[in-house]
Amino acid sequence: MAEESAAGAVHLLCLAASSGVPLFSRSSRGGAPSRQQLPFSIIGSLNGVHMFGQNLDVTLRSARTEDSAVVWKTFHDSITLIVLSSELGCAELRLERLLELVFGAMVLLVGLEELTKIRNVERLKKDLREALAGFAEEMGSVFASLVAGGRVVVGTEGWWRLGAPEAVLLPWLVGTLPFQAARDYPVYLPHGSPMVPHRLLTLTLLPGLELCVLCGPQPPLSQVEPQVLERWWQPLLEPLRACLALTPRGIPAGFPLHPDILGLLLLHLEQRRGLFTVDLGGEEGPSPSARRRLLRSFYVLVTATHFPPEEKAEEPGCPTGVPRACYVVCGAAAEGPQGRQDPGAGLRLVAVQAGPRRLLLLVSARSPTYALRGLATRTLHALTPLL
């Protein structure tokens, strides 16, 4: 199947849970925003069947047709989010996590109190449309961190202790805001502080490199900027430039990786940190967006069927005997509607786990399957000093 066909369309709906009033909707096709919105009759039907089930004490979580999947989720009995996807092989787990991130983004920007009470629906719709426009395409501090090209290069312990929603959403927020040398931006933390806003201070140290700090009412931004730039960061210009050299590859230049590796995702389950890149292996194979989609789908597969989710890996009740490795080969015979060969055909996806680290690799079709586990194990060993 061609890349365009595999991508499919995704429609996101947000409604007031009690009244069914639509708050906003977003659509995308192939990862890009689309103007093709769902008709109001379909929106009403999707919400109506969900509300009908609630009236009978039945919770409708997901449904699937021949070519689409639908997932419903209600948050705090106030906001209902619905996602409809026609992406090939799209899993309910992935769609449910998407809805959780979307709601986290809403809390991040307007606060949980505003969302749960919904005192002024029109005002809320306006706020969400303006604030969440940048989050429709990519979602993406923490007490202190350096963000280069949307990636967290260095963070304090406080940064890494943040809950999953804010740890993911804050860097993405910084990446979607218009360029400014310094910012003082109020944010709510969906996990840590959904009712009381914090201040997100950002300072541009070099083009493409920003310092992010979460703090309270003090100090004023006017005092922070000269102190930070002159006292702490001016002597470190060369190391800061080295941070920029990591983008977009995410791995230091000259790092020994096998040329057949086209992308990777490394997770440290105890530290709740990760390393992700698809800028490997030159220009061979599918586009970066297709590589991201393949790795994302493989992650959902192995998490749902082989490895426990990272947040449950350390729980006492987690089953023993977890597999240490698995792999899949993308279908070699798949073709698109015009007879074009799928650029992902024949590619290998392999996952290995050792202790708290889990590694997923996207590998060239020329790499033999019998060598995949050895390749992944050696790569995990090489990457261990980085994470």
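**Ground rules.** I number residues from 1 along each chain as its sequence is written. The model is predicted, so I took local features only at pLDDT of at least 70 and side-chain atom pairs only at pLDDT 80 or more, while totals for chains, interfaces and linings use all residues, and side-chain values use heavy atoms without hydrogens or water.

**Sheet order.** I looked up the strands (DSSP runs of E, at least two residues, numbered from the N terminus). I counted two strands as paired if DSSP finds at least two bridges between them.

**Strand 7.** I found four bridges from strand 7 (residues 144-148) to strand 8 and five to strand 11. Serine 145 has glycine 155 as its bridge partner in strand 8 and stands opposite cysteine 212 in strand 11.

**Strand 11.** Seven bridges join strand 10 to strand 11, with leucine 203 partnered by leucine 211. The two strands form a hairpin with two residues between them, and glycine 208 in the turn has a positive phi of about 90°. I checked burial (under 20% relative accessible area, 1.4 Å probe, protein chains only). Six of the seven residues of strand 11 are buried, so this strand is largely enclosed by the rest of the structure.

Definitions and conventions. Buried < 20%, exposed > 50% of the residue type's maximum accessible area, 1.4 Å probe, protein only.
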